[in-house]
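Me: I have a structure to read and I am new to this. Can you take me through it feature by feature?

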Amino acid sequence: MKENNTPKTIRLSEYQAPNYLIDTVHLDVRIYEHYTDVISHLAVRANPDVPTASGQPLELVGVELELLGIEQDGATLALDHFRIDGEVLTIKDVPDQFTLLIMTRIHPKQNTSLEGLYVSKGMYCTQCEAEGFRKITYYLDRPDVMSRFTTRVEAPKQAYPVLLSNGNPVERGDLDDGRHYVIWEDPFKKPCYLFALVAGDLSVVEDHFTTSSGRDVLLQLYVEPHDLDKCEHAMDSLKRSMAWDEEVYGREYDLDIYMIVAVSHFNMGAMENKGLNIFNTSCVLANAKTTTDMGFQRVESVIAHEYFHNWSGNRVTCRDWFQLSLKEGFTVFRDQQFSADMGSETVNRIDDVNMLKTVQFAEDSGPMSHPVRPDSYIEINNFYTTTVYEKGAEVVRMIHRLMGKDGFRKGSDLYFERHDGQAVTCDDFVQAMEDANGVDLTLFRRWYSQAGTPHLKVTSEYVSDQNQFSITFEQTTLPTPGQPEKLPLHIPVAIGLLGADGKDLALQLSDGTVLDPLNPVLELKQAKQTFRFNGIKEQPVASVLRGFSAPVKLFYEQERAELAFLMSHDSDGFNRWNASQRLTVEVLLDLMSAYQEQKPLYVDSLLLESFRALLADESLDQAMVAKMLELPTEQFLAELLPKPVQVDAIHHAREGLKRELACGLRQELQQVINRCHMDPEYHYNVDAVAKRSLRNVCLAYVMTLADDEATELCLSQYREAGNMTDQLAAFRALAHSERSEKTQVIADFYQQWSSEALVVDQWFMVQASSPQPDALDNVQALMQHEAFEMTSPNKIRALIGAFCNNNPVNFHRLDGAGYAFLADQIIALNNINPQVASRMSTILTRWANYDRVRADLIKAQLTRIKAEKLSPDVYEIVSKALN
Ligand code: PHE
Ligand code: ZN
C-alpha cells in the first residue's frame, strides 16, 4: 500500500506520448496452487512519433509483483542494467527495437482488491481497467500503447477445465501432472486494460448470431452450473444488442466468438474486455423466480453497454484516462438509446434523469466535483463517476439533439472510420461531429472542461395586445474546486407552448425563425437571453426543457394549476411526469413546514384529485402512471431542496403524504390492485412490466396504512407471487412496516432463498433500507450473518451501501451512530478492497449539505479515517472532502 503523505497528482496538461510502443505481447500464465507465474514476451520499439524517444530509458510499471528474471533480446539482463524503484522498473540503454522477456510471480488467492488477477469463488479471473494489468506483469500500462496479444493459460485440468482469454483459441493440449493449456490469439491490437483471462470450472450456454455481412459469431455465456437457468435473458439481450448496433450505428461485430463470464466478486457492473466480457453476476443472471423487472432491465442495459464498447471503447479507445468519458459517456448514451428502443422511451428517460439529478447533481456540487473530462486525479479508479458516465452521456445526447438523428449518425460514422484502431480524445469525437455536419461546436466544448451544474433561471411574460410570449433564460454555474470562474455554456432547451386546449402552438420567433415542430429547440449561448414568440393569441403554458434536453437545474416558477395542466396535457411524456413531480414537491414543502411547525398535515386537494384521475384512467400508459405516483425519494429531495438538508422533515413529510394519499385514495388503489392482478406466468415485456409496477406502487401505498386488511393483502401477495418482482414488493412492504408479522416473513424469505446469492442481496437491501428506528442495529447484526462477506462488493453494497445511501433518516441519526458505523467499515475495507472503500467514503463528502451538528459529526469521522494509513483511493476522497 502506498503511503499517504505524498500521493502524486496526475494532470492532463502533463500528458506526453509514450517513448516506447509494444507491438506484440506473448503472455504465458501458469496457475499453480499457491501462486501464478507470468512470463511476458514483449516486442518493443521506440515511438517514431516522439523525436526524442530514441535512447531514453524504458520505464515499465508493476505493482505487488515478484520479479523472477528479465531478458533483453534473449540475454539475461545484468543487474546494473535495470532498477526497480517502487512501482517502476527502469531499463537503461535500450536499442530502438528489442525484445524483453519478463518473469514475475503473483499471488491471486491473496488478492482481495479484485483488480489484476484474482479468485472469485474458486474461479480465476482478471480485471485490468483502469490500471490492473500492472498487477499481473511489468508493462506500459497506459491506453495509448496498443499491442497484439497472444495468451497461453496453463492450469490443473480438473479444477480449471475452462481456460479463456481474448480473441480466438488456436491451440490446446494436456501436460504432465494433470495440467493443461490453451493458447488464445487476439487479432486486434488493444491497450492492456482490455486484456482478460479466466480459469475455472464453468458451464456454458451457447448461441449464434449472424452479422449483417453474413458472418457467424459463436456466443458463449459462462456461469456456475447452478446458474444455468438464468442465462436466457442475457443471451437474448446480447443478440438484440448486436442487431441494434448494426441497424442504428452500422457497427458489426468483428471476431468469430463473443464470450461473457459471470463472476460473483466484482467491483463494478461489468467489463468490456475484447471478445471476453467479464460480468458481475448481478448484471447478467436473470430469471423470473429470482430477478425483479428492474433486474431484467439492468441486465439488458449492461449487456448492451459492454457489447457497444466493442466499437466505442475497443476499436476506438481512449488516449489517456482523462478521456474516459469518450468511451463511457458515448457508450452510456448508446445503451440508453437501446433501452429506449426496447421498452418505453419516456419511462427510461425518467429513470435516467432521476438518477442524474439525485447522484450526479450531488457529486457536482460537492468537493469531488470535476468536469466530464477531468483535469487531474490522484487515483483514476475514483473517476469512474456519474459525472464521467451519466453527465458524459447527457453531453453526447445534447450533441445528438443539436445535430439531429441523421447528422449524429454522419458524425459517428466519421468518428469510427477516422479513428479505427486509434487511442483518441474527447476532442476528436467533437471534431468528427463538426466535420461531418459542417458546424462549429467550439462553445459547446465547454461542457467537457467546465465542472458544476448550470442553474437556469427562467422568467416569462405574455403581452396579449402584441400576441407575444417572451421567455428569458439566465444561466449561472457556481464555483467548483479549482474552477472559481465559470463561463456560459451552449445549452439546447427543447420547448413547447401549450394553448388552452392543451395542444402545442406553432412556434415562430420574432426574427422570423420557425422552430422545427418535431424538435423545437432554443439554443442558449449567452449568460442571459430572451426569445420572443409571435402570433401567440392566448396566454400559453410553457413546457420548458422537454425530455430534459440539458443537464441543468431549472428554476421556473409555475402555478400549481399550470403544473396540473401540464401533467395531463403536455405532449412531452417526460415533462408530463416532471410536472407531476414538481407538483408533488410543492405539496411536500407544505407538509415539511407543517411538520416543523407541528401542525396537522394537510394535502392540497389538487394533488389528491390529480392522482385520483391517474388511477382511474385505464387509457393512460400504465407505466407512466406508476412513475407519476411514485413519490420522489428522500435522496432526490435532499439534493433538490435548499440546504441544509431537512433530513427529518423530508422523511416525515414524505411518509405523511404517502399515508394521506393512501387514506384518501384507498378505494381507487384497491381497484387498480384488483385490475392489475398477478399473472401466474411471468413475461418480461413492456405491458407486463407496467402492470406489475403499477400494482406494486399501489400496494406500497396501501401498506403505509398497515391495517389488517393491507397486511393480509401483502401477505397473500408474498405467498402467492410467482415471480420476484411481486414477491419482493410484498416482502419490502411488510419488512418496512411496524407489523409483528414481519419477523416471520423476514426469516421465511431467507430460508426460501438462501442458496441464491443475488436474492440474498435483495434481502439484505430491504432490511438495510427500513425506515424503522432499529435499522442500524439490524444492519450491524446482519454483518455477522452467515451470508455476509466483507470481501464481496455485492454484499457490501447490499447491506452497508443500501443503509448509507438509501436510508437517510437512519444513516443521518443525530447521535452520529450511522456515520461512525460507515467510518468503521471504510477503515476495514481500506485494507481489503480500496476501490470499494473509496466508493463508500464518497457518501461522507456531502457533509456541507447538512446542519452544523451533523456536519461536525461527519467531519469528525472523516478526520478519524484520514488518520489511518490509507490507500490512495480513500486518501484522495477523504482529503478532498476535508479541504
Ligand atoms: N469499463 C466498464 C464499463 O463501464 C466499467 C469498469 C471500470 C469495470 C473499471 C471494471 C473496472 O463498462
Ligand atoms: Zn462502460
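Reply: Start with an annotated span. This is a predicted model. In residues 561-883, 72% is helix and 0% is strand.

Me: Which feature does UniProt place at residues 561-883?

Reply: An unreviewed UniProt entry gives "domain: Peptidase M1 alanyl aminopeptidase C-terminal" there.

Me: Into which domains is the chain divided?

Reply: Domain 1 covers 1-200, domain 2 covers 454-545 and domain 3 covers 556-705. The centres of domain 2 and domain 3, taken over C-alpha atoms, are 28 Å apart.

Me: How many residues does each of these two give to the contact?

Reply: Domain 2 gives eight residues, and domain 3 gives nine residues. Next, ask which elements supply them. On the side of domain 2 that touches domain 3, strand S27 (491-498) and strand S31 (541-544) each give two or more residues. S31 gives the most there, with three residues.

Me: How do the residues on that side of domain 2 divide?

Reply: Four are nonpolar, three are polar and one is charged.

Me: Now the ligand. Which residues come nearest to ligand 1?

Reply: Look at the shell of residues first. Ligand 1 has 13 residues around it. Glu129, Met268, Met271, Glu272 and Tyr384 come nearest.

Me: Which elements supply at least two residues of that shell?

Reply: Strand S20 (270-271) and helix H2 (293-308) each do.

Me: And how does the shell around ligand 1 divide?

Reply: Sort its residues by kind. Five are nonpolar, four are polar and four are charged.

Technical notes. Residues are numbered from 1 along each chain as its sequence is written. Chains are lettered from A and ligands numbered from 1 in the order in which they are written. This is a predicted model: local features need pLDDT of at least 70, side-chain atom pairs count only at pLDDT 80 or more; totals for chains, interfaces and linings use all residues. A residue is near a molecule or strand if its C-beta atom, placed from the backbone, lies within 6 Å of it. Helices (H or I, at least four residues) and strands (E, at least two) are DSSP runs, numbered from the N terminus. Ala, Val, Leu, Ile, Met, Phe, Trp, Tyr, Cys and Pro count as nonpolar, Asp, Glu, Lys and Arg as charged, and the others, Gly among them, as polar. UniProt positions are given in the numbering used here, feature names are shortened, and annotations may be inferred rather than shown by experiment. Domain bounds come from an automatic or database domain assignment. Two residues are in contact if their C-beta atoms, placed from the backbone, lie within 7 Å.
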